[in-house]
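The sequence and the structure come first.

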Amino acid sequence: MQYEIKGGVLPVVICHLEANEKMITQSGGMAWMSPNMKMETSSNGGLGKAFGRLFSGEPMFQNVYTAMGGPGMISFVATLPGTIKAFEIGPGTELIVQKRGFLASEAGVNLSIFFQKKLSAGLFGGEGFIMQRLSGKGTCFVEFDGHVEEYELAAGQKIVIDTSHLAAMSPTCEMTIEKVPGVKNMLFGGEGIFNTVVTGPGHVWVQTMPVNNLAGALAPFIVTGK
């Protein structure tokens with residue numbers, strides 16, 4: 001499989017497949033494709049995994065696309081303005097991503113639930129108690145909200161992240177929650193009550209425009225009526 005990512009802040013990934021190669025995506029993820037791409041909707045691992053995907057922010061069922069009779073082409077677009085990044089998933093290179101982060105992958109990549117080890121991280125960590133784990137083997141495409149910055153943390157090194165800006169991290173990282181110091185800071189600082197603290201070793205991806213921030217920015221301009 002060969003691919004190219006285009007589109008700037010409105011990104012699309014275009015995948016070029018050899019005959020019989022497969023791609024997996026969430027329901028509704030495909031934008032356009034060649035006519036020889038065959039689609040099959042599947043629970044992809046049974047009802048247990050299907051419910052797991054549901055709890056991690058994805059639809060229960062996935063679509064599997066296969067290039068039939070020769071090379072094929074298929075494209076996937078991001079849900080919101082942002083960034084699409086490609087990751088090579090394999091032993092030692094698993095990835096933990098935010099809810100709704102999975103866009104598409106080769107058939108060998110597995111999507112499952114990742115539970116935060118500490119309850120406080122789950123309750124106040126912005127992305128909730130459940131995130132997504134990408135494992136198995138193959139190329140995977142993940143969508144981030146807005147621009148994304150990357151940091152490599154050494155063992156014990158920490159980074160403090162505002163709620164919801166944590167987009168992805170290595171499984172070796174630990175996520176905890178830290179209360180903003182001072183009552184005045186919590187009430188009038190505009191940064192919320194809790195921050196997410198990620199401790200290395202591992203890699204961290206931070207996004208600039210989480211979907212809840214985007215919704216809050218647009219809310220004053222939305223006029224509702226009957």
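Ser170 counts as buried, at 15% relative accessibility, where buried means under 20% relative accessible area, exposed over 50% and partly exposed in between, with a 1.4 Å probe and protein chains only. Ser170 lies in the loop between β16 and β17 (174-179). A polar atom of the Ser170 side chain lies 2.8 Å from the backbone nitrogen of His203. For comparison with that distance, a polar contact is a pair of N or O atoms within 3.5 Å; within protein, one must be able to donate a hydrogen and the other to accept it, and residues adjacent in sequence count only if both atoms are side-chain atoms. Apart from neighbours within four places in sequence, Ser170 is in contact with Ile96, Gly202, His203 and Trp205, contact being heavy atoms within 4.5 Å.

The model is predicted: local features need pLDDT of at least 70, side-chain atom pairs count only at pLDDT 80 or more, and totals for chains, interfaces and linings use all residues. Residues are numbered from 1 along each chain as its sequence is written, and side-chain values use heavy atoms, with hydrogens and water left out.

**The chain as a whole**

The chain holds 4 helices and 19 strands; these are DSSP runs numbered from the N terminus, helices being H or I of at least four residues and strands E of at least two. Of the 226 residues in the chain, 44% are buried. Among contacts with a separation of 6 or more, 78% are between residues 24 or more positions apart. The accessible surface of the chain is about 11,500 Å², and carbon and sulfur atoms account for 61% of that area; the areas come from the Shrake-Rupley method with a 1.4 Å probe, and for residues only the protein chains shown count as cover.

**Strand pairs**

Two strands pair if DSSP finds at least two bridges between them.

| Strand | Partner strand | Bridges |
|---|---|---|
| β2 (residues 12-17) | β7 (residues 72-77) | 6 bridges |
| β4 | β7 | 2 bridges |
| β9 (residues 95-97) | β16 (residues 166-169) | 2 bridges |
| β16 | β19 (residues 202-207) | 3 bridges |
| β15 | β18 (residues 194-199) | 5 bridges |

Elsewhere in β7, Gly72 stands opposite Leu17. In a regular strand the side chains alternate between the two faces of the sheet.

**The three-stranded sheet**

A second open sheet has 3 strands, ordered β15-β18-β17, with antiparallel pairing. Its edges are β15 (158-162) and β17, each with a single partner strand, so one side of each has no neighbour in the sheet. The twist here averages 30 degrees from one strand to the next. Within this sheet, Val160 has Val197 in β18 as its bridge partner.

**Around β16**

Which residue in β16 stands opposite Ile96? The residue is Met169. On the β19 side, Leu166 has Val206 as its bridge partner. Ile96 and Gly202 are among the residues in contact with Ser170.

Ile113 lies in strand β11 (residues 109-115) and is partly exposed, with a relative accessible area of 23%. Ile113 and Ile96 are 17 residues apart in sequence, and their C-alpha atoms are 9.3 Å apart in space.

**Cysteines**

How many disulfides does the structure hold? The count is 0, with a disulfide taken as a pair of cysteine sulfur atoms within 2.5 Å. Cys140 is buried, because its relative accessibility is 0%. Cys173 is also buried, with a relative accessible area of 7%.

Terms used:
Axes are lines fitted to C-alpha atoms, for helices over the stretch in contact, and angles run from 0 to 180 degrees between N-to-C directions.
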